[in-house]
Amino acid sequence: MLKYILKRLIISLITIWLLATVSFFLLRSLPGNPFQTEVLLSAEVQQRMISYYGLDRPLYEQYFTYLGNLVQGDLGYSLKYVNRSVNSIIAESFPVSAELGLRALAFALPIGLALGVVAARRRGKAADYMSVLVAVIGISVPSFIMGTLLQYGFSVKLGWFPVAQWKGWEYTVLPSIAMGLGLLATLTRLMRASMLEVTTQDYIKTARAKGLNERQIVWSHQLRNAMLPIVTVLGPLVANVLMGTFVVEQIFAIPGLGMHFVQSVQSLDYTMALGLTVFFGAFLVAANFIVDLVYGVIDPRIRVAD
Amino acid sequence: MNSTSEAKSANKKFNFINKAELQHEAIVRPSLSFWKDAMNRLVKNKVAMLGLSIIVLTIVMAIVGPWLTPYSYNQTNLSNINAPVSSTHWFGTDTLGRDLWARIWMGARVSLAVGIIGAIIPSLLGMVIGGISGYFGGKTDMIIMRITDIGMCVPQLIYVILIMIYFGSGPLPIILAFALTGWMGAARNIRGLVLQLKEREFVLASRALGASSWRLIFKHLIPNTLSILIVSMTMAIPSAIFYEAYLSFIGIGIKPPMSSWGQLVNSGISVFQIYPSQLFIPAALISLIMLSFNLFGDGLRDAFDPKLRN
Amino acid sequence: MEKILDVQQLTVSFDTYAGEVQAVRGVSFHLNKGETLAIVGESGSGKSVTIQSVMGLLPTPPARLKQGKILFKGVDIAQYSEKQMEKLRGKEISMIFQDPMTSLNPTMKIGRQIMEGIQKHEKLSSKEARARAIEMLSMVGIPNPESNMERYPHQFSGGMRQRVMIAIALACNSQVLLADEPTTALDVTMQAQILQLMNELKQTLGTAIVLITHDMGVVAHMADRIAVMYGGCIVESGTAEEIFYDPKHPYTWGLLQSMPSLTGKSSKRLSVIPGSPPDMLMPPKGCAFAARCGYCMHICQEEAPPSFNIVDQHQAACWLLDPSAPKVERPHLQHIVMDGGVR
């Protein structure tokens, strides 16, 4: 087990290194320089800024400097926010994004799974059609459209919730729903399919042959086995939730990481964009790692294999 | 006399039938090919057919829609901005007085083209790469799989955004970005399928009979993965449409005066508190077309599912 | 002898896209206390459907019990509600399945899987249930039962898993054990061990067994009586001796001829029954076997044969047994070496 964890850790580090390298050169190959867009700066000042940030040195030198800092956990200074390190910006905005993501998960996970179970158990009945309908609509309506519609309906027209910003509980409701709905729908579909798959397994027949009733079979035999394929996709799903934050944060003017990411790439704030990419990547690698460990706990067959 | 004839006919009944008359292998049930059978089930699926009708209707409108109105999609008219839905401007006009009917169906061309081509290219690419990886195995497989391992650790959208900024905005860069980033998932699926199929008895049997690689690939592997591929391609279309809309929405996909549904939502959002229809029409269309592709894809999947065959 | 299970005119159909598949068409058989009845037939003959409907395990829809009675201790359980059936399953009637690899829940410990049934049917504390489960495991020949209670199915071999399945089935002292091809998925040495175990348990616990198989060798080991199924009907039934030494139906002849023998002349080719079973979507009007039968008469294609009584309980549904039919010499059947299992 320890050996396995160690191996995974090494692979994770290599992944993050590759991600940083690819993103570094990709970003640097973008045309233009970060200071060009600011009309007020003369060519001379631009040049001074470039040499101040060391952007005129050979690319490989910059790369190794960056890597050296990265190893120490230093993501560098933003080129746009004067005198602010990327670390401090992440420290400030990440909790907001994380809270939004967690709220969305907390809303989507239990409801999505429950709907999936209900749909599978009532296959072909009204409850099934309702769940499938909710799921297919949830998947089909993009989060940025859902966000605007919720904003229009519940804030602008009904005035139940504040239109935008992030200042308290009532501000979190609409963005969480906007982000969670797609996830909820995906989970419902996956869980329904997984439950139906498990229903046809021989061991369910064995359980029925023991005289267990429907409820007992669902709780003690179906759920755990149906969860297995869900857990494996939870990593990428969490990734989607995070990506969802980009637009939802924009729509609701929430000071999270997503907004910074899009802005920094567009304005060629190299260190900022790179720092956020590496941070997102590391976060995802960690999420996948945890998911794999959890999988081992749920499925006894995996435990022994390692 | 009567009884003797009866006995005679009874005896005749008990005569043996000539063996030659017997048909051992008479096939009673009309045999349906896999595809015919799947098509039959698909056609009977009302929800999937509804989805397909909406898709077809939208494609037709994308083709003829812009010609139905005298206004062009990029012709501005500052004396008639933000016009409501009316008999001259069927969907109203936008903040620069451009006719929204024309813009929406022009946008449909872009969104649908990007969605469909942007789904098919990465799927085909993934199919080839995944097929090679699964079929040949060994070092090739290892290298390809490590690449996808690492590639898939990062959300596709980060790369798409980087590539988009590199190549600039427009439909072609979007498709290119999808092709460069989207093949990995498809490649993994196909590889898994091929690995499974390779171990199946009919492939082993064919190989034992001396079938060539080409025969194995074209007679066994492709036909047995094709249905799954078609379904995953169909399901990839709505997500490609979504990505295009998303990119245009955050301002790096399609930019005005060019039009796409995501771009229209982006423009609509700035004025939606006053002129909601400028947002709602494209938003509804994006949702509707994604819904239709999802419903149709579900129907296809059910139709191809061998477990539902009888 | 007392009939513990008496199935009368059981008819089961499946409603499919293509139409109604008549899987079981008027099957009658009975099971006496403490005996083993083997139901023999090739795949698709309806044998599995028959016992699964006794257990009430068929999914409805698409399955539909069209008519017939299933008398368990004289009560028609075909009329039972799902709730009533739950009380019966695993307590009075138990079942084991073909593939022990997939019949156990992969994510649940063996011990818990056995205890579940016990706790469902008997008012025992979990400690007592545990003790009973351990007892069952050692009874079915699992070594170190206590530590094996804590293990998962994938840690056992196929034979061991089938033993665990038997332990689950017999944990509440069922009087009837339905075994659906219990040894088909096992290798030959395991088959013999499992069959022996079933015979032993039958003796010690007095459980009556319905054994479904297509393997005449297994039948020879186990059966007191035999019912031969073809095309959703029972074509011949009788005691093991009657079926093996004096079979009357051409299909039974074919089955016996197609069985390899150690004592038979090795130069002789193993005979096969030509053709394939009928499509139950459109079962033939006459005898289901007519199309493949070497003795097919005109009447066989027109009318389904009635069941002819030969002696006592030996019955066969074949027009050859009609007094007007020409006399037919039975082909030579190799001698089946029946071991101690058959009396």
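## Strands and helices in chain C

In chain C, strand β7 (residues 176-180) and strand β8 (residues 208-213) run parallel and are joined by five bridges. This is a predicted model, so keep that in mind as you look around. If you want one pair to click on, take L178(C), whose bridge partner in β8(C) is V210(C).

Which bigger arrangement do these two strands belong to? Both sit in an open sheet of eight strands in chain C, ordered β6-β7-β8-β3-β9-β10-β12-β11, and the pairing there is mixed. At the edges you'll find β6 (93-96) and β11 (308-311) of chain C, each pairing on one side only. Going from one strand to the next, the twist averages 20 degrees. As a reminder, strands of a sheet pair through backbone hydrogen bonds, either parallel or antiparallel.

Now for the start of the chain. Strand β1 (residues 3-16) of chain C has antiparallel pairings with β2(C) and with β4(C). With β2(C) it makes a hairpin, with two residues between the strands. Here are the strand pairs side by side:

| Strand pair | Sense | Bridges | Example partners |
|---|---|---|---|
| β1 (residues 3-16) and β2 (residues 19-32), chain C | antiparallel | eleven bridges | F14(C) and V21(C) |
| β1(C) and β4 (residues 63-72), chain C | antiparallel | eight bridges | D6(C) and L71(C) |
| β7 (residues 176-180) and β8 (residues 208-213), chain C | parallel | five bridges | L178(C) and V210(C) |

On to the helices that lie over strands. Helix α1 (residues 47-55) of chain C lies across β3 (36-40), β6, β7, β8 and β9 (225-230) of that chain, and its direction is about 145 degrees to β7(C). Helix α6(C) lies across β6 and β7 of chain C, at about 170 degrees to β6(C).

Which way do helices α3 and α6 of chain C run relative to each other? The axes of α3 (residues 110-121) and α6 (residues 158-170) of chain C come within 8 Å and cross at roughly 25 degrees. Because of that angle, α3(C) is roughly parallel to α6(C), the cut-off for that label being under 35 degrees. On the α3(C) side, the contact uses I110(C), Q113(C), I114(C) and G117(C), while α6(C) brings V164(C), A167(C) and I168(C). Sorted by class, that contact of α3(C) with α6(C) has five nonpolar and two polar residues, and no charged ones.

Key:
Residues are numbered from 1 along each chain as its sequence is written. Chains are lettered from A and ligands numbered from 1 in the order in which they are written. This is a predicted model: local features need pLDDT of at least 70, side-chain atom pairs count only at pLDDT 80 or more; totals for chains, interfaces and linings use all residues. Axes are lines fitted to C-alpha atoms, for helices over the stretch in contact, and angles run from 0 to 180 degrees between N-to-C directions. Helices (H or I, at least four residues) and strands (E, at least two) are DSSP runs, numbered from the N terminus. Angles under 35 degrees count as roughly parallel, over 145 as roughly antiparallel, 65 to 115 as roughly perpendicular and the rest as oblique. Two residues are in contact if their C-beta atoms, placed from the backbone, lie within 7 Å. Ala, Val, Leu, Ile, Met, Phe, Trp, Tyr, Cys and Pro count as nonpolar, Asp, Glu, Lys and Arg as charged, and the others, Gly among them, as polar. Two strands pair if DSSP finds at least two bridges between them.
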